[in-house]
Amino acid sequence: MEFLALLSPEFFLLSAAGCLIGIIFGAIPGMTATMAVAVCLPLTYSLGLHEGLALLLGLYVGGISGGLVPAILLNIPGTPSSITTTFDGHPMAKAGEPEKALKICIVASLVGGLFSAVVLFFFAPMLADFAIKFSYIEKFLIIFFALTVIASLSKNILAGIFSGLLGVLLALIGTYDTSNGGNGEYRLMFDFMVPYLETGFSLLPVLIGLFGLATIFEEAEKGIKEEDTHSQIKLKGHKPFHFGVFKGQISNLIRSSSIGTFVGMLPGIGGSAASVLAYSQQKNLSKNPEKMGKGAAEGMVASESANNALTGGALIPLLSLGIPGDSTTAVLIGAFTLQGLQVGPLFIGEHMDTWYSMMAALLFANFVMFGAMFFAIRYIAKVVMVPKYILYPIIIMMCVIGAYAINYGIMFDVWTLLIFGLFGWLAGKIGIEVAPLVIGFILGGSAEVYFVKSIESYGTLSIFFTKSPIAVVLWLLILASVVFSILMHRKNKRLANQVEEANA
Amino acid sequence: MKKILSGVGVALCTLTMATSMQAQAADSPIKGNIRVVIGSSSTGGDTYQASSIIADALSEKLGANFKVDAVGVTAAFRALERVSNGSTIMVFHDQAYLGNLYGQKGYDDPFEKYTVGQTFAINPGNAYLVAKNSPYKSVQDVIDAAGSGKTVRVAIQPGGVSEIGYTAMKNAVRLQYPGMEDNLAPLNTGSQSDKNQAMFDGLADVINGSVQANEQYTRLPADDQKAMSFLWLTAREGTVKQANPEGMGGTSRDDLMKFVAPMVSVPMDESKNFTFDKEFFFIYNKETDPKIIAAMDVALEEIFKEGKVQETMKKSFFIPDFLPSNESQQYLMNKRDQYAKIIESLKK
Amino acid sequence: MSQSLSSLFEVSIDFDQSHLFFPTIVITLIALMALWIVAANAKQWVARVRSGELRLSPFNEHADKFRFFGTLVLVIVYFWSMDAVGQLFPNTGMGFLLTSIPFMLLLSLLYVHGITSRVLLGIGLNSIIAPVAAWYLLGQLFAISLP
């Protein structure tokens, strides 16, 4: 096999280095995997194709994985797709078990990453042909399906749906972008806002504003009380992590990894939908759905395995259709063109060496990620012990860098941080739920495009039901998801009433 | 406390001095860190790639540090408006004026509001494709079909480079079959993936695409549902001729030439064929010191004389195309006026 | 019957106006949800405001307004000055570096309880080292755009 000759020590070194840098980027709130890949893209010019790809794939895997660290320790999603990791990861860390939470997530990440790499290797061209069966309509239904998570995620179902819709509305502000198929007209803003909001609010600043800055405002209002030493004692006093927590999680792991791979594979759905979908399905099927959102291992497993499964999934359309599956793979295309190589339906067959070496880099990077993070955890987890008066200024500073850099240097993105920081602080007080709002915001843009384009193309609403068998299956899933969450809310209410009665 | 504060003060002073000294090092009007904002927000796209190639060459030539920032159209124009000292410059392509011609929001007339500068490269890849099993085998088939009253749907991204070839075809229908031009209907989509998908879904008969992104699809066997054929490359004959003989992927330059005027003709008026080269050029703030633009002229002139940058460009399927600022402005204005006429003639 | 049913579903969107189609739907839904929420909770709210249980001020009862507004003012000044200073040294990241140091110092001083000289040293070092490290590693080494 010729490709074995390509696997030089430098090749592995670069993949590992990429992975480590990626983890750091992912772990800094506000820095994302996409940014890591974009920043290192010029380096690959001098490296040559295979080494360059090894570096970038390492960055990709590391960046997606690193996002779990701030999600768990600081309640700030390090990358947009780790938002669902905060739901259970942070409560567990707060309960004094940050190490355990991190370890669960890292193992889940590894499983998700490997799962998707294997799927990529064996089924890429076949799955690509399946992916193009998803037209506007099926894509809209998938997004709609992901939006149903709002119902099961919210504490108060009315407030939750309201917040979700508000999030969708916020996502629509700005231009109906022609690059998404829109007509380029402005909506939902006054004239004076046009210079700033022409392209709308950017996801990342909104996210770190709502999660990062808002928390700091809340804490400032409470007077920045340092937690006394008992939380540090707790850090040691708990049962250590044991692989036993994965007992009964096998089906969860496989399902969530499949969802992640699948969502990654569909261009235009957006990576964040993967973990959201996986999380909601786990909640719907869980035996103890009431525990999710309060530090349940199964929630973390679902979220992290799905978001790492994204990596392999998003590479499927890239390598077998020439179309990126998410924002990071969109940057990855640049690495190929820089070397005068085009990806497309014939790519794998014509460049077997490159294909094999990419797979080697991808697998290797997953193991490096696991090794590096699993053993660095005891140090990483100490972040929770840094006093707030040191930690918070650093968080704000890093958020500023992230917000400014996400669109390559736009000052309004930094102000967006502040706007949504204040909004997030206020939202909690008036009953607006942040998690549904963010999910609405993330999915709102593509929901619009696919919904409007479907109707534009077919001129009737009935097409949503009759387009294809896939559409029918998706409707069944949507229905099931809605029914599950209604049942769950009823059950919770009953439980709450019983508790009240018992107390009375 | 005092000690720390004075320590901070000292550190600040040293830093400030260090940077200002760095800035004074070179004597050229172009020095230090130059920000190149581009009208695309993608770092995987052709604008970013072309800009990076030229920025690297300029950095080396001038000993300055050119850095490409993919901020997108609106933000790029705003950044350019704000900074007139030459430390921020912009690179964009024909979209800069086409967006204005098509009346897109956020596009001012670039020739009026900014100083349009040197052209440096062409992406010759702008293409129109059909499904391999399509009844349309040539642009003329499409024109005839529309002329005979059949609706032909073309997937484009409205308002610019992606639409101009569609406008030209529509104009050709108007010339040959007056009054029938509306049978060539636009299907407004966004990304390349959406356009391809529109073809797979049977929503579009013709799609806008590019040699780079679609070449492999044209080599798929006809029974593959993804298979496509080129119909037309909008670039000029003289442009494609300059490409490396290997062409792109498995399609040689000679094969590509079969889809270029005059082999494929889309008449613009009685005497001329329509062509469109997607050209990349610099744009400066209106107040920019002419000395800076002149220095860029000199630097680019030398870079292109050395010939290294041409090879790099061709390797990435760009065609080198340098015009100094005094020529490029007139050239691009003429180009704009030509297209303005066609767009105008199709308006109702 | 089936004919009229299918025509019931027919919707045509004018492309020129398509940018308003979805926002209109979403706004309508939001308005409906808002009405529903008000209808479901109005009585309870009024009762709670009357009894003084629900406060109309956004602040908690024992809010530390000094630290809250201190944070707000510092952040606003920080964001604004970063851009302004950045204009003086274009494309060097100096706007970020030169404003981050005093910002971090002041914010830490605002937040800290019980100042000792050791704490002060920690704050001072942190507010210099963190921005310089970030500026050097991210801005210089990785060439990330900073203000």
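Q: What does A:Leu188 count as at 29% relative accessibility?
A: First the ground rules: this is a predicted model, where local features need pLDDT of at least 70 and side-chain atom pairs count only at pLDDT 80 or more, while totals for chains, interfaces and linings use all residues. Residues are numbered from 1 along each chain as its sequence is written, chains are lettered from A and ligands numbered from 1 in the order in which they are written, and side-chain values use heavy atoms, leaving out hydrogens and water. Buried means under 20% relative accessible area, exposed means over 50%, and partly exposed is in between (1.4 Å probe, protein chains only). With its 29%, A:Leu188 therefore counts as partly exposed.

Q: Near what value is phi of A:Leu188?
A: Most residues other than glycine have a negative phi. A:Leu188 sits in the loop between strand S2 (186-187) and helix H10 (194-197) of chain A; helices (H or I, at least four residues) and strands (E, at least two) are DSSP runs, numbered from the N terminus. Its phi is positive, near 60°.

Q: Is A:Ile224 buried or exposed?
A: This residue lies in the loop between helix H11 (203-222) and helix H12 (230-237) of chain A, and its phi is also a positive one, near 50°. Its relative accessibility is 0%, so A:Ile224 counts as buried.

Q: The backbone oxygen of which residue lies 2.5 Å from a polar atom of the side chain of A:Thr86?
A: A:Thr86 is part of helix H5 (residues 83-94) of chain A, and it's buried because its relative accessible area is 3%. Beyond its neighbours within four places in sequence, its contacts (heavy atoms within 4.5 Å) include A:Asn75, A:Pro77 and A:Phe211. The backbone oxygen at 2.5 Å belongs to A:Ile83.

Q: Which strands of chain B are the edge strands?
A: Strands pair here if DSSP finds at least two bridges between them. In chain B, 6 strands make an open, mixed sheet in the order S2-S1-S3-S10-S4-S11. Pairing on one side only marks the edge strands, S2 (65-69) and S11 (319-323) of chain B.

Q: What is the C-alpha to C-alpha distance between B:Asn214 and B:Gln192?
A: B:Asn214 belongs to helix H9 (residues 211-218) of chain B and is buried, because its relative accessibility is 0%. Leaving aside neighbours within four places in sequence, B:Gln192 is one of its contacts, as are B:Leu129 and B:Met228. B:Asn214 and B:Gln192 are 22 residues apart in sequence, and their C-alpha atoms are separated by 9.1 Å.

Q: Which side chain does a polar contact of 3.3 Å join to that of B:Asn214?
A: A polar contact is a pair of N or O atoms within 3.5 Å; within protein, one must be able to donate a hydrogen and the other to accept it, and residues adjacent in sequence count only if both atoms are side-chain atoms. The partner of B:Asn214 at 3.3 Å is the side chain of B:Asn196.

Q: About what area is buried between chain B and chain A?
A: On the chain B side 42 residues are in contact, against 49 residues of chain A. Buried area is the accessible area (1.4 Å probe) that two parts lose on being put together, summed over both. Carbon and sulfur atoms give 50% of the total, which is about 3700 Å².

Q: Which residue meets B:Lys105 in a salt bridge of 2.9 Å, N to O?
A: A salt bridge is a side-chain nitrogen of Lys or Arg within 4 Å of a carboxyl oxygen of Asp or Glu. The rule finds 3 across the interface of chain B and chain A, alongside 18 residue pairs in polar contact, both at pLDDT 80 or more. The partner of B:Lys105 at 2.9 Å is A:Glu185.

Q: Which bond joins B:Ala261 and B:Pro262?
A: Most peptide bonds are trans. B:Pro262 lies in the loop between helix H11 (253-257) and strand S10 (278-285) of chain B. With omega about 5°, what joins B:Ala261 and B:Pro262 is a cis peptide bond.
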